[in-house]
Every structure is written in structure tokens, then in C-alpha cells.
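Open the structure in your viewer and keep the sequence panel beside it. Each stop below says what to select and what is there.

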Amino acid sequence: MYETIIAKAGARGLLGMDTSLIYGSFSYKMEDELMDLDGLWISNEDAFIFYLENDDVYLLKRFAYENIQILEQKVSIISMTKKLVLLLKNKESFTMLVANGEAKAFVNRAHERIQKVSQK
């Protein structure tokens with residue numbers, strides 16, 4: 001599944017030379033229903049993206065870095081895995097349980113981009 005979704009993201013032009021991505025599980029509200037999804041969080045030069053494409057669900061949600069307050073890495077005590085917490089300036093938050101990828105490197109790269117736009 002991981003390789004397939006990366007290939008689809010590449011075909012949609014979401015991945016570039018300076019893109020960081022991570023795969024895991026997260027909840028997202030679609031059509032007024034909270035869904036548990038397995039997909040990518042992508043950090044590229046112009047946006048932070050939630051992406052999932054399979055037979056049942058298509059999700060492509062972009063967030064401008066200007067609208068992000070913080071992205072944090074934590075440890076989920078229940079699942080004993082790394083988790084990422086994305087907090088938007090409008091107080092919305094999203095949590096991903098990391099399944100595949102280097103969480104620390106992803107968070108560091110996204111944090112650089114958030115800081116870059118907040119200094120303008």
C-alpha cells in the first residue's frame with residue numbers, strides 16, 4: 001500500500017526533489033463523517049498536504065504553511081509508536097500514528113518551512 005500511494009502521489013505531481021513525506025494512520029472528517037485513514041502527509045515547498053487515493057477514498061487537502069501553528073512529534077503510549085500532531089492556527093488539530101518513514105526528519109523539514117513563512 002505504501003509504495004502504491006507514493007507512486008500515485010508522484011503521478012499527480014505532488015512529489016518533487018525537495019519533498020518530505022511520511023505514511024501512517026490519521027482521522028479526517030469527510031462528508032460530515034470522521035474517517036480513519038491510512039495515507040501520506042507530504043511537506044513540499046509550497047504546501048503541507050494530506051493525501052490518500054484508493055478504491056474507496058480520494059483525499060487531497062492542502063494547508064498553507066502560514067496557517068500552521070506547529071507540527072510536533074510525540075510517542076503514543078497506547079500503540080508504542082511515534083505520532084505527529086499538526087495544530088493549525090484556527091485551532092483544528094490532526095494526529096498521525098506513523099507507520100512508515102522517518103518522523104524526526106519529516107518534522108524538522110516541515111518545521112523549517114513553517115518558520116520560513118512565519119518570519120516574512
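Is tryptophan 41 buried or exposed? Select tryptophan 41: its relative accessibility is 0%, so it counts as buried. Buried means under 20% relative accessible area, exposed means over 50%, and partly exposed is in between, using a 1.4 Å probe and protein chains only. The model is predicted, so local features need pLDDT of at least 70 and side-chain atom pairs count only at pLDDT 80 or more, while totals for chains, interfaces and linings use all residues. Residues are numbered from 1 along each chain as its sequence is written, and side-chain values use heavy atoms, with hydrogens and water left out.

**The sheet**

Switch to a cartoon view. An open sheet of seven strands runs in the order β4-β3-β2-β1-β7-β6-β5, with antiparallel pairing. Strands (E, at least two residues) and helices (H or I, at least four) are DSSP runs, numbered from the N terminus. Two strands pair if DSSP finds at least two bridges between them.

Now select residues 58-63, which are β4, and 68-76, which are β5. Each of these edge strands has a single partner, so one side of each is left without a neighbour in the sheet. On average, neighbouring strands of this sheet are turned by 30 degrees against each other, direction ignored.

Select residues 20-30 (β1) and 33-43 (β2) next. These two antiparallel strands are joined by 11 bridges. Tyrosine 23 has leucine 40 in β2 as its bridge partner.

**The helices**

Select residues 2-11, helix α1. This helix packs on the sheet and touches β1, β2, β3 and β7; its direction makes about 70 degrees with that of β2. Contact means heavy atoms within 4.5 Å. Axes are lines fitted to C-alpha atoms, for helices over the stretch in contact, and angles run from 0 to 180 degrees between N-to-C directions.

Helix α2 is residues 103-118. It lies across β1, β2, β3, β5, β6 and β7, and runs at about 165 degrees to β5.

Within α2, select lysine 116. Lysine 116 is partly exposed, with a relative accessible area of 46%. Its side chain makes a polar contact with the side chain of glutamate 45, at 3.2 Å. A polar contact is a pair of N or O atoms within 3.5 Å; within protein, one must be able to donate a hydrogen and the other to accept it, and residues adjacent in sequence count only if both atoms are side-chain atoms.

**Two serines**

Go to serine 43 in strand β2. Serine 43 is buried, at 0% relative accessibility. Its side chain makes a polar contact with the side chain of tyrosine 65, at 2.8 Å.

Serine 20, in strand β1, is also buried, at 16% relative accessibility. Not counting residues up to four places away in sequence, serine 20 touches Trp41, Ile42, Ser43, Phe106, Arg109 and Arg113.

**The core and its rings**

The largest nonpolar core has 37 residues, and among those with the most contacts inside it are Trp41, Phe48 and Phe50. A nonpolar core is a set of buried Ala, Val, Leu, Ile, Met, Phe, Trp, Tyr and Cys residues joined through side-chain atoms within 4.5 Å.

Finish by selecting tryptophan 41 and phenylalanine 50, a stacked aromatic pair with 4.8 Å centre to centre and 10 degrees between the planes. Rings of Phe, Tyr and Trp (its six-membered ring) pair if their centres lie within 6.5 Å; planes under 30 degrees apart count as stacked, over 60 as edge-to-face and the rest as tilted.
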